Amino acid sequence: MRRIAQAPNLAIATLWVHALREGGVDASVQREYLGAAMGQLPPDQCLPEVWIEDDGQFDLAERLLDELRNRPQRRWQCQCGELVEGGFEQCWRCGAMMPPHRAST
Ligand SMILES: [Zn+2]
């Protein structure tokens, strides 16, 4: 088991795990593992973590995550200022839907 990334929220973590599994990497979400055990961190600092089963797949997993994060068409700026990543069509902060595609093309 090895930690590959820390996600900003559980929805993103779940999406990443899903993408990793599609890429052939056995991954899982480990949430608030340390913080909950120690009882020291406030809830908003207990970010979900994505772990992979097989350490030998770390490089592959990292590449998959990089691809996922760097898809420009999957990132948009919400009216509230939040940068929404990971293919979501709804802002995780304020709940607004992704604005319609701009007519610039
Ligand atoms: Zn928003």
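## The zinc site

The zinc ion has four protein donors, Cys-78 (SG), Cys-80 (SG), Cys-91 (SG) and Cys-94 (SG), lying 2.3 Å from it. Donors here are N, O and S atoms within 2.8 Å of the metal (3.2 Å for Na, K and Ca); water is not among the atoms, so sites may look incomplete. The angles subtended by the four donor atoms run from 105 to 114°, which makes the arrangement tetrahedral (four donors count as such if all angles lie between 85 and 135 degrees).

Along the sequence, the donor residues follow the spacing C-x1-C-x10-C-x2-C. Cys-78 sits in the loop between strand S4 (76–77) and strand S5 (83–84), and Cys-94 in the segment after S5, so this pair ties together parts that are 16 residues apart in sequence. How exposed or buried are these two? Cys-78, at 6% relative accessibility, counts as buried, while Cys-94, at 41%, counts as partly exposed. Buried means under 20% relative accessible area, exposed over 50%, and partly exposed in between (1.4 Å probe, protein chains only).

## About the model

This is a predicted model: local features need pLDDT of at least 70, side-chain atom pairs count only at pLDDT 80 or more, and totals for chains, interfaces and linings use all residues. Residues are numbered from 1 along each chain as its sequence is written, and side-chain values use heavy atoms, with hydrogens and water left out.

## The overall fold

The protein has three helices and five strands, in the order β-α-β-α-β-α-β-β along the sequence. Helices (H or I, at least four residues) and strands (E, at least two) are DSSP runs, numbered from the N terminus. Of the 105 residues in the protein, 29% are buried.

## Two nonpolar cores

A nonpolar core is a set of buried Ala, Val, Leu, Ile, Met, Phe, Trp, Tyr and Cys residues joined through side-chain atoms within 4.5 Å. In the largest one, with 16 residues, Ile-4, Trp-16, Leu-20, Val-50, Ile-52 and Leu-65 touch the most other members. Strand S1 (2–6), helix H1 (10–22), strand S3 (48–52) and helix H3 (58–69) each supply at least two residues of this core, and the largest share, five residues, comes from H1. Apart from it lies another core of five residues, among them Trp-76, Cys-78, Val-84 and Ala-96.

Which residues does Trp-16 touch, not counting those up to four places away in sequence? They are Ala-5, Gln-6, Ala-7, Pro-8, Val-50, Leu-65, Leu-68 and Arg-69, with contact meaning heavy atoms within 4.5 Å.

Terms used: Tetrahedral: all angles 85-135°; square planar, octahedral: opposite > 155°, others 65-115°.
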